[in-house]
Amino acid sequence: MSAALTARRMGASVLMIESANKDLRGGNSRHVRNIRYTHKAATDYVTGGYEADEYMADLMRVTDGNTNEELARFMIDASEDAVDWMLEQGIKFQPPLSGTLGLARTNAFFLGGGKAMMNSYFKACEKLGIDIVFEAEVETMEVADGRFEAAMVRHGGELHRVEARTVVLASGGFEANIEWLKEGWGEIADNFLVRGSPMNTGKVLRSMLDNGAKPIGAVDQCHAVAIDGRAPKFDGGIATRVDCVIFSVVVNKLGKRFYDEGEDIWPKRYAIWGRLVAKQPDQVAYAIIDQKSVGLFMPTVYSAIKADTLADLADQLGVDAAEMEKTIAEYNAAVQPGDFNPTEPDGCTTVGLEPAKTNWARKIDTPPYYGYPVKMGITFTYLGVEVNKSAQVIMNDDKPATNIWAAGEIMAGNILGQGYAGGTGMAIGTVFGRIAGEEAARHARN
Amino acid sequence: MPATETLEEAKRVMQICNSCRYCEGYCAVFPAMTKRLLFGDGDVTYLANLCHGCQGCFYACQYAPPHEFAVNVPKTFAELRAETYRDYAWPGVFKGLLEGNAKWVALITVVLTALLGIGTLMVQGVDKVTAVHTGAGAFYEVIPHNVIVYLASAPFALAIIAFIIGALKFWRDIGAKPAELFSPSAVWQALKDVGQMKYMAGGGHGCNYPNDNYSMGRRYAHQFTMWGFMLCFAATSVATLYHYAFGWEAPYDYLSIPVVLGTLGGIGIVIGPIGLLVIKKNADPEPRDTKRTGMDLAFLWMLILTGVTGLALLVLRETSLMGPLLIIHLGIVLALFVTFPYGKMAHAVYRMASLIRFAHERKPS
Ligand SMILES: Cc1cc2nc3c(=O)[nH]c(=O)nc-3n(C[C@H](O)[C@H](O)[C@H](O)COP(=O)(O)OP(=O)(O)OC[C@H]3O[C@@H](n4cnc5c(N)ncnc54)[C@H](O)[C@@H]3O)c2cc1C
């Protein structure tokens, strides 16, 4: 979107090829909530300043330094006018409110979320005369010597050859392509849930890599979280998250614990639990709480499974009941007295338990008991094409492609080698999209 | 209480919304929702009546159909609201008037106007009704002042009683404390919200109309309607004061306070509802309760007819048409008042109650 609008404003004629239909248009972007961007002071949309240095430090921390520092720094600096630019396109933001998840200072929140944002973007496209074809899927790219010739596009049951002077790739990652995920994760990928669009199958990425684009990022690197195991296979979005882990005991199918549930406040641990769950038998785990913890965390889209005894709960969840009872009895015995405080790490811990629960450890002893099945929900993948500061795709010979640019998930791996900080996805897409659009339009004119 | 399926659907949808919360910037519904973990019958009834139908949350919804969650908050809530008006109607025997509402309103209007016309003709005779009357008390040559007062104030008073009883039952069922209804700060806050039609501004940019486009049209049209109605009410109040306190009899001068207020109000209740009719006609049917459009249309047409006949009466009051017009205008106003508790006017009562409740809830505790 940012590429198309920028290029169109520079006078280029733009064709947007979207594999989704009108209802599902806008990929993962229709699921987003906010954008993390550099800003000097509080505005109508954020509660305080967030300088480039702090942004950079945060990014270095979450990626463990696994980033292209130069590109990251450039992205962060350029994000400063991203929100103003989005406002100019007609996108609306909301004031910081209660539900802004501790990101009220660093991130600006779209009024109504990503779908409302995409509606505004599509409206802006219509106004500017950008041609959009829905239900048109790029199957393969024709690239010769680092030069884009044409795309083969399936539309209305037929394959069309679409030529253009320049092309911007913004087709997302391959998170909806289970077969490709298996290359990194093995057969267990069958049990992953895809939080976003079923359209992001990575066909464009695959074809570019086949055509000699230089890959970046590992095939199993991605953003993934623990979500409700009952969520739809695709497009479950934000509502399927399960936030009770820190107040719970998490067991696998065999009824055994496998990780410290109370390591840190939930937003910081949100992203590791997807991977943890993926390593359990059948890629599923169960968060168990008792009556005491009801209401301490964000409400869930599916009601908890409820029972008066742990054995009954285990049976309903399909967990080994005897083992789960034993696990919880051992856990209860290890819980130390302390001042429970749901809002910050409270030091309420277990002793002599392996693995320990290091915060919010309270006995699970007050019926009714509740359980949530959790599975790994994949947000987006990081393996992509390498780009330079102009968002130009780099080929295997380390030379930039003549007329191919990329933005968003398809090149997010340049910034995100691993880890994630909420709102970075939108920043990457918007910043590199604008640059890609500008460069592609300029090139097309010459 | 509204039907179980409607309530259950509202609860289902609110549970999904409460785990998403992307729409919290749009209106009062979502912040109020956030304060709840579980949704009982009263909670969803309250939230539904807090909803102004701006539809912002529908177009923003990643879970709207064809998504399997099939979330459609404006439609679900519109259905629940219509059932609120029906099920809190007092006395209960008149609930039926809220199904197929347009038909009933039309029938009542025609019957009342006809009865008034026949009665006047029988008592006064054709000559008197069609004569030109001028000067103080001119209207009362056709229908005596006392008769007008009784005819209009009786149904109006009954409507107020019916609404008070409905509102108190509603207030109890949404789980609010009786005393809160009379908290001056909350009532004042709610009055301000209504006066500005704050939540018809959605998240500050208007309702979504005719599709995902933001537009202030619906808010402005509603403002014309609401303030037009208020001005008409003010005009009548001033005229009543003139009559009883000062002994000044209508018709009043074109530049007198009652006539100026009434004229502006009359224009408001004509152009506002016309605007709303146009908006309804062009709007996307998906986020709306299309089963009960009749109730909305009936109310809007009644306001238009009230305004048009009132304005016509003003312009033609010194001609022989005054008598017939007075009968028609009065007949329509009568029918409007009689049907107040059994039609769309009810929205004002339960919305106001919900806004007072919200004003309490949002106070930092
Ligand atoms: C539930 C969820 C919540 C998120 N929340 C946030 C957040 O709050 N903040 C944030 O910054 N990031 C968030 N993200 C991440 C964010 O969504 C992505 O980083 C960002 O949307 C990527 O944008 P994109 O344009 O690269 O991809 P997308 O928005 O996914 O767009 C890709 C488009 O390409 C189309 N497409 C794919 N393949 C083809 C093909 N072969 N031919 C034609 N068209 C094709 C798709 O239909 C789609 O329209 C979230 C992601 C999810 C899933």
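Guide: A crossing of two helices is left-handed if the near helix is turned anticlockwise from the far one by less than a right angle, and right-handed if clockwise. Helices are DSSP runs of H or I, at least four residues, and strands are runs of E, at least two, numbered from the N terminus. This is a predicted model, in which local features need pLDDT of at least 70, side-chain atom pairs count only at pLDDT 80 or more, and totals for chains, interfaces and linings use all residues. Residues are numbered from 1 along each chain as its sequence is written, chains are lettered from A and ligands numbered from 1 in the order in which they are written, and side-chain values use heavy atoms, without hydrogens and water.

Visitor: What is the handedness of the crossing of helix 1 and helix 5 of chain A?

Guide: The crossing of helix 1 and helix 5 of chain A is left-handed.

Visitor: How is such a pair described?

Guide: By the angle between the axes and the distance between them. Axes are lines fitted to C-alpha atoms, for helices over the stretch in contact, and angles run from 0 to 180 degrees between N-to-C directions. Helix 1 (residues 2–9) and helix 5 (residues 114–128) of chain A pack at about 25°, with axes 10 Å apart. Helix 1 of chain A is therefore roughly parallel to helix 5 of chain A. The cut-offs: under 35 degrees is roughly parallel, over 145 roughly antiparallel, 65 to 115 roughly perpendicular, the rest oblique.

Visitor: Which axes cross at roughly 130°?

Guide: Those of helix 10 (residues 310–317) and helix 11 (residues 321–334) of chain A, which come within 9 Å. So helix 10 of chain A is oblique to helix 11 of chain A. Their crossing is right-handed.

Visitor: How do I read backbone exceptions?

Guide: Most peptide bonds are trans, and most residues other than glycine have a negative phi. Here a cis peptide bond joins Glu354(A) and Pro355(A), with omega about -10°. Another cis bond runs from Ala250(B) to Pro251(B), omega near -5°. Asp64(A) has a positive phi, near 60°. Asp64(A) lies in the loop between helix 2 (52–63) and helix 3 (69–78) of chain A.
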